[in-house]
Amino acid sequence: MTSAVLAILILIPTATFIYKVTVLDYRIANILPQTEYRVGLRMTLDGGDGRVRVATYAPVDDVRQTISEESQSAPQVLHYTIEAEGLNRQAIWLGAPVPEGVEIRYEFSALLSAVDFTIAPDLEVPESYPRAVREFLQPTEDIQVDAPEIRERLHAIGADRGPLGERIQKIYDDTAGLGFRTFKGTTDALTALRLGEASCNGKSRLFVALARATGIPARLVGGLVLQAGSKRTSHQWIEAYIAGHWVPFDPTNHHYAALPAHYLALYRGDEALFRHTGEINFDYMFTTRERLVPSPEARASFSVLNVWDLFARLHLPFSLLQTVLMLPIGALVVVLFRNVIGVPTFGTFLPALIAASLAATGLMWGMVSLVIVTLAVLFARLGLQRLQLLHSPTLAILLTVVVMSMLGTSLVADYLDLEELARVAYFPIAVMAITSERLYLVLTERGPRAGMIDYGGTLLVVLACYLVMNSTAMQVLVSGFPEVLLLVIAANIYLGRWVGVRLIELWRFRRLWRGEGART
Amino acid sequence: MNTLMTTAPREHWLQRWQKARERLAPLFGMNRRNVELVYAHNERRHYPLADDKIVCKELLQAIGVPVAPTIAIGRGLFEVDALLEQLREREDFVVKPASGSGGDGIIVIGKRTEAGWQTPKGRQIAVHELRQHLANITFGSFSKEMEDRILIEERIEPHALYHAFWSDGVCDLRVIVLRGRPLLSMVRVPTHRSGGRANLHQGGIGVAVDISKGTTYRALSQGKEVEIHPESGELLIGRDLPDWETCLKVALGAASAVPLGYLGVDICVDRRWGPVILEINARPGLEIQNICGQTLGSALEKAGLS
């Protein structure tokens with residue numbers, strides 16, 4: 001009976017898996033979720049009696065990047081507008097008079113992809129270009145296309161002759177080969193050439209100058225190299241107009257006719273990222289967070305039981321889908337720990353639920369806040385024990401302590417500028433409350449030793465659940481093939497009849513099976 | 001001399017692994033106990049019979065299995081004063097919550113004093129303190145439920161041998177029974193560390209009993225083998241337990257009184273009444289395998305039940 005049920009539970013998902021991959025042409029590679037970046041720009045300034053104007057570039061959509069969920073917040077006195085300016089979009093805040101210590105926040109989400117171009121070897125440098133492109137051949141103050149030194153350098157490296165591909169390769173090699181040095185402010189093309197070393201903007205300007213001099217339209221691109229965390233540094237690279245495409249080159253970080261997926265373009269042209277009225281003590285900081293979202297190709301390719309589309313239609317976030325789909329996997333991990341290893345935990349669902357909650361707060365700070373709240377519960381218990389109250393009111397007081405300690409943690413963390421810890425409020429209150437109740441009951445009924453063992457076991461299993469539930473491979477598998485949940489049921493049926501000795505019992509009964517002191 | 005010494009050839013790890021596996025096969029872990037013993041022989045709805053001392057006691061008395069004489073039963077707060085009136089002239093009794101576990105809420109009362117009573121250890125208990133305790137039991141302070149009943153029994157006077165093992169509390173004799181056959185047996189002896197309780201995980205000493213002869217052969221204190229009780233100094237092993245045949249009969253009688261196929265029967269041997277049932281457990285623990293140095297699997301085989 002059991003084996004028949006098991007066979008069915010294993011056969012169905014295996015068959016649909018094979019059907020999806022072979023007949024419906026599911027691509028595992030497509031299922032891999034993409035990284036979506038949430039970029040926040042925080043600007044601080046001190047106003048005064050005069051007019052204040054702050055402008056920066058807002059990213060635009062192109063073949064590489066898709067921008068969404070754009071938002072800003074600024075004090076009432078600052079008026080916010082977005083203006084198109086050539087190829088770029090400018091976000092502008094205007095106001096007067098503006099108080100001191102003003103903070104402007106501007107945020108957006110970006111989905112980025114990598115690009116890689118191949119330049120045909122026989123491609124010649126065209127005689128003429130469309131009018132819109134022609135301006136990118138002109139000299140500017142900092143890109144001295146006509147300077148004799150630029151011409152000489154072009155000739156010296158042999159980039160003034162031959163097919164387009166060869167010329168651009170030589171220019172790239174020459175600029176990428178310059179020494180790197182961080183300069184404050186702007187380095188023009190000639191200075192970079194004379195010094196033989198430059199930062200990203202000097203190298204890029206020299207690249208643009210040389211390309212324009214040899215007849216290839218080129219322009220500067222300013223943006224950010226995204227990685228989770230905070231930074232002030234922006235980056236510059238260039239684009240050259242080749243066979244009708246603007247092809248990227250980054251001589252500083254060595255990307256030839258290619259860009260990796262974490263480059264975000266903010267503006268094109270030789271511009272400054274920020275423009276603001278003087279004497280306002282301007283400062284800024286970019287912060288970047290990463291999260292996974294399903295790739296559009298995968299969403300389109302799934303035709304059967306497409307849970308992603310279902311969630312999209314219901315306007316539910318992908319992270320919720322991940323949580324919901326991964327919970328049974330987490331519960332299975334708990335079962336393995338309890339029944340196969342023998343680690344005691346508070347209940348079967350609780351470690352999986354805690355692990356799911358940690359997705360919102362991050363592993364470390366979520367654990368820290370959990371420990372803080374449970375410590376508060378322990379202290380509260382010391383006092384409550386003396387009062388000898390009835391059960392239900394005791395637990396109601398406990399819930400209040402949980403809420404107060406969560407609020408207190410948020411307040412203190414905010415005061416200490418620990419933004420991650422302040423997000424403890426994201427931790428579902430129900431999960432926090434149930435954990436505290438369990439801890440309290442075990443401590444009361446079975447003593448501090450058992451309570452601490454169960455608590456430690458729970459934290460350990462939470463960690464394991466978090467690692468499994470947050471693994472991309474697992475999430476891809478379950479969201480692309482929800483029928484694997486039948487396999488989870490099958491595994492639980494098997495484990496439900498499994499009568500093997502738990503790992504911890506091997507230790508507990510070691511004398512018996514090692515044959516020491518056994519009675520025959 | 002050295003040249004004459006031979007060493008046993010070291011076994012291949014695979015052989016050693018297989019031997020360990022063979023020895024492991026009859027060991028009962030928690031999973032196997034639950035699936036093959038508890039779920040297979042005990043219906044969940046019958047657990048309360050074992051968990052409620054009063055229900056259990058009534059079942060046992062009904063078919064003549066000996067138990068400690070009941071003095072009174074209290075069903076709620078409204079009976080507390082009547083109970084106290086009944087106990088006013090009494091000495092040597094025990095107050096128990098009907099569904100407490102692990103000995104929680106049990107108070108042993110010794111001699112009468114001016115203000116009330118004193119425990120065998122000499123702690124004074126005034127009448128109002130006993131009233132408070134009885135009320136707490138009815139509020140369910142020692143049970144998982146919101147209310148509970150009070151059981152008041154005559155105090156057991158342990159048989160001379162058990163008294164010699166430990167004089168401050170009660171040693172109990174546990175017999176594991178499956179489908180009417182005794183499997184393993186041990187005596188649990190309290191220590192100072194266990195606070196006078198016989199529970200092994202609280203520091204009590206487990207003494208293995210040979211089920212065919214009623215003789216003790218091994219004693220474990222906190223996982224270490226001992227021969228004498230570290231505090232009372234009494235020899236624990238090689239002792240013939242009193243009334244062994246009757247003990248087994250009483251254990252099997254108790255097992256037949258309840259609809260549970262697998263159970264642990266806890267017995268106390270009183271010097272006046274002989275063996276009496278203390279309580280019954282529908283999910284007895286596995287530590288008895290370590291105490292007896294014998295797996296449940298081999299015990300099942302010996303009993304012809306495997």
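Let's start with an open sheet in chain A: four strands in the order 4-5-2-16, with antiparallel pairing. Strands here are DSSP runs (E, at least two residues; helices are H or I, at least four), numbered from the N terminus, and two of them pair if DSSP finds at least two bridges between them. Keep in mind that this is a predicted model, where local features need pLDDT of at least 70, side-chain atom pairs count only at pLDDT 80 or more, and totals for chains, interfaces and linings use all residues. Residues are numbered from 1 along each chain as its sequence is written, while chains are lettered from A and ligands numbered from 1 in the order in which they are written.

- Strand 2 (residues 52-58) of chain A pairs with strand 16 of chain A in the antiparallel sense, over three bridges.
- Across from T56(A) you'll find F274(A), in strand 16 of chain A.

**The domains**

- Chain A is assigned domain 1 (34-112 + 277-293), domain 2 (115-260) and domain 3 (307-508), with bounds from an automatic or database domain assignment.
- The centres of domain 1 and domain 2 of chain A, taken over C-alpha atoms, are 28 Å apart.

**Where domains 1 and 2 touch**

- Ten residues of domain 1 of chain A are in contact with ten residues of domain 2 of chain A (C-beta atoms, placed from the backbone, within 7 Å).
- On the domain 1 side, strand 1 (34-45) and strand 17 (283-293) of chain A each supply at least two residues.
- Strand 17 of chain A gives the most to that side, with seven residues.

Methods:
Two residues are in contact if their C-beta atoms, placed from the backbone, lie within 7 Å.
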